[in-house]
Amino acid sequence: MARGWGSRTAFPAITAPRLTPAGSEPPGPVPEGLIRIYSMRFCPFAKRTLLVLKAKGIRHEVININLKNKPEWFFTKNPLGLVPVLENSQGQLICESAITCEYLDEAYPGKKLWPDDPYEKACQKMDFELFSEVPRLLKSIFSRRDKEDCSGLKEQLCKEFSKLEEVLTKKKTTFFGGYSVSMIDYLIWPWFEWLQAMELSECADHTPKLKLWMAAMWEDPTVSALRMDVKAFQGFFALYSQNSLEAYDYGLRADPSLPSSACTPYRPRLAPRDYSPGGFSVGCDPGCRAATADHRETSTSARHRHRERPTIPLAGKIAFQGAGRSAAAVFYRKLRMLMYLFFRLHGEPWPSGSKIHLGAGRTRQAPAAPAACGGDGPQGVKPVAETMSGNATKTLGKGCAPPGRVPEGTMRLYSMRFCPYSHRTRLVLQAKGIKCQVVNINLRSKPEWFYTKHPFGQIPVLENSKCQLIYESVIICEYLDDVYPEKKLFPCDPYERARQKMLLELFCKVPYLTKECLIAMRYRRECSDLKAALRQEFCNLEEILCYQKTSFFGGNCISMIDYLLWPWFERLDVYGVADCVDHTPTLKLWMAAMKQDPAVCALLIDRSTFLGFLNLYFQNSPDAFDYGLTC
């Protein structure tokens, strides 16, 4: 056994405990053949990953982190100090619970939890989107218990459960993935386990199918093996609400043969650091999908703790410089931490003595403009007219007849010419040379039949010749990459694939900020703070490209991550925020390289046409979506 810093739990076998003294030392390298998870016993996001590890029989060790008393070394694993984090024997780090679970399913394919069929996999991910409000609501109830009336939140929770009840009713299956437990069931289960502990079981009383699903989940061997002790959770909550450091170790028995700080093998104790007030949150990931983090410190004391740490020393002699005591400063510091995490996840240490610099006055030399991609790059794609029919046709609105069945060998995309999310999907269709019909939808006067394609009337929606429907832009793009594997845009390596998805999480603020800047300028509102935040986001992306020394975010050729980011960069000029990239020369080189890509070139929209659309759009004109079209 190594130095005392925590305790190891490895499945199928469980090893002896380790000590947890104050000021604990960091753990050593992950042993070959194991994977390590940094967790917390009562964290529902970490529970997702633990369920997948157990269900797949992956040998692993668990280190529980005290989220109110974190060891300093943990910030080198995740600079935001969030759980869960996976670490493998190669030193590669993966965070975000959904990403860790997908990584495990791809890296350990012996027992697949995601379906092999691309459409079934996409369906599970779409159902997962329907669940996204439940963690937020339970977090709000958790934080308000014994303080305020939660009847409104409980009513909202009942409505969310009704949506899930409808899914099970339509499927006519025991589980969300079919007749046996699959990934979607494990991803949403931890919050249903909380219902009993939080005495909220009545919120599911009106959903008989959902209650049958819950009963079936309790019978699953994995769920049963990791079942949470209700009394321990309630004891944790009581101590947590008192801001007690002992909350996270509640219910653990000390082994009399070990020092008082030790724990039993089955309940690994927490690795602490010198105390400073923190917090624990059970909220969902905020922003575009994805949520940027699973576990967040949201208490006032936690925010003050970050403000009072002007410099955070990390491995490789990195220092994140403080930027004042404003809320924006805390936000920027977190973004810089996420950048550092991205570099660590890349598998190489940051150069000794370097710092993450922000703002203008940069000295790092940008790589030369790239030549056209070869080999695996998306070259030689067909002209847009050959692969995408109807891309520049007028929209269908209220009263229009629905289109017929999708012809065999073709896809149909319900889109809108100026929508950045639809643009993502069209780029992937074009880059992969997939034959597709485009049906543009008037979003101010939607045809009634369109709600049979998407219950909320949103775009994009993809339909195939089997009448199967897929929505959510990232889910569609991944589905297309799986169904048409001849020209893969996502990397085949599970870790590289996870890395691109984590990079997409770093980008999640850009769509919101660009939209808010556009609205503010159109209505002549002050937007200097919004533009400053947007510049900061672009600084982070600049640092990533500089560190990678590659032409594109996925390497030296365009890949999926580049297409997923591009639509918002194409709109910077017409949105009036092009100056926000003036201080990022490497990012500008990336933009120039993207404009040379055949798929991007084929779908570029004329600037005057885009501005004409925006002018009519902000006048609430239904003709905005057809601006510039004559037929």
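The protein exposes about 25,600 Å², with carbon and sulfur atoms supplying 52% of that area (Shrake-Rupley method, 1.4 Å probe). The model is a predicted one, where local features need pLDDT of at least 70, side-chain atom pairs count only at pLDDT 80 or more, and totals for chains, interfaces and linings use all residues. Numbering starts from 1 along each chain as its sequence is written, and side-chain values use heavy atoms, leaving out hydrogens and water.

Of the 631 residues, 57% count as buried, that is, under 20% relative accessible area with a 1.4 Å probe, protein chains only. The protein has 22 helices and twelve strands (DSSP runs of H or I, at least four residues, and of E, at least two).

Now for the inside. The largest nonpolar core has 84 residues, and F161, F192 and W213 have the most contacts within it; such a core is a set of buried Ala, Val, Leu, Ile, Met, Phe, Trp, Tyr and Cys residues joined through side-chain atoms within 4.5 Å. Helix α6 (residues 183-197) gives this core its largest share, eleven residues. A second, separate core of 80 residues includes W449, I470, I476 and L534.

Leaving aside neighbours within four places in sequence, F192 is in contact (heavy atoms within 4.5 Å) with F131, F161, L164, L210, W213 and M214.

As for helix packing, the axes of α5 (residues 151-171) and α7 (residues 208-218) come within 8 Å and cross at roughly 80°. On the α5 side, F161, L164, E165, L168 and T169 meet P208, K209, L210 and W213 of α7.

Definitions and conventions:
Buried means under 20% relative accessible area, exposed over 50%, partly exposed in between (1.4 Å probe, protein chains only). Axes are lines fitted to C-alpha atoms, for helices over the stretch in contact, and angles run from 0 to 180 degrees between N-to-C directions.
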